[in-house]
Every structure is written in C-alpha cells, then in structure tokens.
Amino acid sequence: MEKFLRDWRQDALNKHQYESAIFVGDKLLALTKNDKDAFWLAQVHFSTGNYTRALGFLLRQDLITRSPSCKYLAAHCYVKQSRFDDALNILGDKNPVHLITTSDSSRRKLLHASSNGYSGTRSGPGKSKLGARDIRIDRSEEREHEDASNIRFEAAMCYLRGLCYAKQNSFDRAKTCYKDAVRIDVQCFEAFDQLMKNSLMSPKEEWEFLDTLNFDTVTPFSPDGQEAAEFTRMLYVTRISKCTRAEEFDAAVETLSSHYNLASNPDILLAKAEGLYTHCDFRSALALTSQILERDPHNVAIIPLHVAVLHALSEKNALFLIAHDLADSAPSEPSTWLAVGVYYLTLSQQGHSNASGTSNKIPEARRYFSKASLMDPYFGPAWIGFAHTFALEGEHDQAISAYSTAARLFQGTHLPQLFLGMQNLCLSNFALAREYLSAAYELCKEDPLLLNEMGVLCYQEDRLPEAIRSFQLALELSSTFSPDSDLDTGADNAILTTKTNLAHALRRSGRYTEAVAFFDDILHLGGKDVDILATKGLVLLELDQPAEALAVLHQALAVNPQDPMATELLSRALSQLETTPAIGAEIEEEFAGVVGPKMREVLRDGGYRRNRRKNRTVEHEGSSSIADVSGMDDG
C-alpha cells in the first residue's frame, strides 16, 4: 500500500497536480508516520506557494529539530515571506565548517605552510602527497559520519544564511556563507551563482576560490567520478570573471563545446559573449546574444548583456523592439525595465530630437532604471544605468554618489571604480581619478575602455609617453581593431575614440607623421568630425604642408562653416602658402645655382643682339631719309 501511494503521489507531482499530491500524501503520512513522507507533503505545500501552511505543518509535526531537510524547508518558507530574522533563528548563525573539504592542491599548500602540523609529524621532506592524504582523512572524519543528503542540506542552509545576510546588507557575512556552502557541497550551484552574479569577489579571488574547491566529492565512488569532477569544474570556469586566466577559460569552453556538444548551449554562448564584450568586440558579442534569443526569446539572464551591446552600437530600433516585447511578456522582471531605461538612454545620447523632441529622455531613463533597482536592490546593471543618467546631464556629484553605491554593492567588478574615475576626470580631480582607475585596473587589466581612460589621465597630466602606451594597449586589446575595418563591418565608437586620443597624444609629442596617419585612419573609419579635420590641418601646418592643410581645412568648413578653429587655421594656411615658393625653397636654390649663370649669359647675349639690330635699323632709316631729302632737293 505504501509503495502504491508513493507512486500515486509522485505521478501527481510529475503532472503538477498538487491537490492530488496533497490528498494522497496526507494519507501516506498517516500510514507511515515517516519524516521523509512528512517532508514530501510539506514540499507540495511549498510548491503551491502556501508557505504559511507548509511552515505550520512542519512546526506542528516537530520536524525541524529532527530532520535537516525539514529545517531547511522551514527556513526557506520564512525567506519566501521576507521574514529573514525568523529564518536566521531557525538556521543559526554558524556554518558547519567541519564539513568543508578542500582540493589536493590546497592541502599541499597547507602542508608546506605548516611548521608544526602534520607535515612535521606524519611525513618528512619529499612526502607531501602522503601528508596531504593523511590530512584529508583526518579532516573528513566528521564528514564521513554524516549522511550525504544531510551534508547537502547543510550546504543549502549555508546558502539560505547568505541570502538572509544579503537582504540585511551584510555582504561580507553573506559572501562567507556562500563560499562555505560551495565548499561543503561543490554542487550547490545556487550559492556559487550568487557569488559570481553579484560580483562579491574580485577576479583574482574567484580563481583562488575555485582552486580550493574539492570537485572529487561530486561522485566519489563512481567509475566516472574523475570525468564528472572535471566536467563540473569546467562549467564553473565559464561562470567566473574573464579578466584573468583567459587561456584556461578558452580551454574550458573549447572542451565543453567539442567533447560534450555544448557549443550552442546558452550558458556557454553567454560566457563567450561576456568575454567579447569585455574586449569591446561588440559586433561579435551581439551575434552570440542574438543567437541565444532566437532559440529562447524569454531567456532573462541574457537580457542585461544584450541591451548593453545594443547600447554600445547605438541600435535604438532593436532596443525598442526588445523593450516592447519584454514589457508585454515579462513585466515582473527587473531586466525588462532595464531594457526600457537603456532604450531611452540611447535616445538621449544620440540626440534624435529635431521636430520629434526625443533627445531629452534622461528623466524617463532614470525612472525605469530606478524601477528596476526597486524590484531588485542588488541588480547591478540598474544601478550603473541610474548613475549614467546623472553623468549624461553633467550632474557629477549625484553620479558619483550613485556609482559609489554600486561600488559598495558589487565589490568584485571594476566598472563602478572605472566610472568613478571618469567622473573625477571630468571634475579635474586627477588624484582621485588616478586612485579609482588604479583600483579598477587591479580588478581587470584587460578592459580597453579602462586603458583608454588611464591614457586620458596621463594626457591631462602631461605624461605623454605613458598616455601613448595606454592608448596603444587599449587598441591591441580591442579585438575589433583592424586597419581595414569600418563602422559598418564591426568598428565602433570606442575604437574611434581611442584612436583619436592616440593621435592627439602623438601630435603633442611632436610625432606629426604618425599623428597624420592615425587621423587618416580615423577619417577612413567614418569619423568625419570637424575637430578631427581641423586638428589634421593643424598637424599638416606643423609639417610645413600648407597646400595639403588647405584642402583638409576646406573639408572641415564644409562640415561646419562657422567653426572658429578651422576658420583661423585656414587664414594661417593661406598666409603660409603666400610665402612658400611654388617649387620649394631648396629646389629653387638648387635650380638657381645650376641654371642661373647660363641664364645670365643667355640674357647678356640676347641684349647684344638686340643692340646690333637696333643700330642696323637706325642706319637704314637714316639713309632712307637722306635719299628722300636729296630727291626733294633735285625736285
């Protein structure tokens, strides 16, 4: 009878027929009085959203003190009701650290670092592996006495503690709980995802934490245990920061794609797109995010990155479509209102006003970013977008306040520090800007945007060699940088900005020829801006090429006929052109030295001949006159 009822209950659960499962489960519990059956019945109440009923059932049966699984479920009921203090009262404030195991490499490090522990008593020099094995056995003695399912529920309770502390803004305690949860049960992905998604650790800390995890506990007694452990580790590698150890990340993605047929898996594509976005390869990142949304249009996890890429490429039409679809299909998701806010922010930056009056959409963007952050106070992209609206209006103090909040909430990402540095650059607070940009560089050394801002700081402080090197590194890291690229085939405004900054730094360093080459490249990529054309004309004047400068300055005035700098430089070019020999001073001197003497001789000979012709003419005219006179006399 018990087997019949359990099968009936499971069949109802598989069909999501919760009333049937409750009806059958209640009868089964009356027959068995088993804690596991009681836990299953409470699970059904939880699945229907009846958290109060599930909690009351657990408390009446006094299951919390007897079963770790029921204790976990009761705390989860409190969390769902936002009663975090009550949840912590059930969970307690201490993690079962005696259940933690570490990887072999971490145990070996501990062995070498210990001076009076197992390394000195159990194993001598050269026997670190044996010592590590002894440490593992002694360390896991208490763990071996625990049931495997109980260990996993203990890890899950650590995860719930982390959630409660995070809701109370105690992020350091939350981070500790999440880390302990994963160390106790490496398959507790929820805790690992909270660490990565909320950027609670720096990229270096993330990799160090990953190295301490003991993936051998995944399937310790299975013949495929080693493969399963390595597979799990590679999956976790794809979730952590792309700013360091890029080779290991690429190897993990390649193995998962080729050996396990995960090349088109959304999580793998998302990981690759994040790496491309970090290196400013926006077109390639957009291709991957679009591929994910084509297969799964309601994949909410991809939305923040997708709208960020669309914003970077100024794809306002695509932003409008996705924001409209999300507002209809997922109005309860923070990512929906993030997409709406990004759309209005893009309109504001592009300045599509004219008669439509859509340029000043910053208040609308701020309102939707605020709505997203209210729905989820720990949604990082919403806080960054909210701060961007103040920065775009020139409200630097308020922007700094919003970026500071983001930096406090998301300590492991470099973006808030980067934007704080940019705001202080705008305020000419170079010391503070250097401090924030250096902090961002410690977190991520491969962001071209960060290197560009560091170059701007060096440029403003007249450290031109350092500025040039920073701009060059930014271009090297930008995977879209190509001398033959143009804006329609993948180049973007970030590349043009960095190239423009590099050209100006080269100009101020007196490297005019290189500067002209970069200005030509910028104009070829589509950056036909009056300032760029005027600056190129200035460099050509410095190279003593007024004719070429004159042509470039005419182009600048064709773009903006009232530009004062181009007008002044045009007058200067005309003045310089008047005093410049048509064939060049050096060539004229050489020509005069070779041809001058012969020309003077030719001119002298020509004058002698002209004098002789003149004399002959006078003589002829005199005789004619005389003849005429004599004729008249005879007459």
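**Reading a predicted, helical chain**

Mentor: The protein chain has an accessible surface of about 33,300 Å², and 52% of this belongs to carbon and sulfur atoms; such areas come from the Shrake-Rupley method with a 1.4 Å probe, and for residues only the protein chains shown count as cover. This is a predicted model, in which local features need pLDDT of at least 70 and side-chain atom pairs count only at pLDDT 80 or more, while totals for chains, interfaces and linings use all residues. Residues are numbered from 1 along each chain as its sequence is written, and side-chain values use heavy atoms, with hydrogens and water left out.

Trainee: What is the mean pLDDT of the protein chain?

Mentor: On the scale of pLDDT, the predictor's confidence in each residue from 0 to 100, the mean is 82, and 80% of the residues reach 70 or more. Over residues 105-139, however, the pLDDT is below 50, and this stretch has 28 contacts beyond near neighbours in sequence in the model, a contact being heavy atoms within 4.5 Å.

Trainee: How many helices and strands are there in the protein chain?

Mentor: There are 34 helices and zero strands, where helices (H or I, at least four residues) and strands (E, at least two) are DSSP runs, numbered from the N terminus.

Trainee: Why does histidine 16 count as exposed?

Mentor: Exposed means over 50% relative accessible area, partly exposed lies in between, and buried is under 20% (1.4 Å probe, protein chains only); histidine 16 has 56% relative accessibility, so it counts as exposed. Its place is in the loop between helix 1 (2-14) and helix 2 (18-32), and histidine 16 has a positive phi of about 60° although it is not a glycine. Most residues other than glycine have a negative phi.

Trainee: Why is serine 428 called partly exposed?

Mentor: The relative accessible area of serine 428 is 46%, and therefore it is partly exposed. Serine 428 also has a positive phi of about 60° without being a glycine, and it lies in the loop between helix 25 (415-426) and helix 26 (430-443).

Trainee: How do you know that the charged end of lysine 371 sits over the ring of tryptophan 337?

Mentor: A charge sits over a ring if NZ of Lys or CZ of Arg is within 6 Å of the ring centre and within 35 degrees of the ring normal; the charged end of lysine 371 is listed as sitting over the ring of tryptophan 337, 3.7 Å from its centre. For lysine 445 over the ring of tyrosine 441, the distance from the centre is 5.4 Å.
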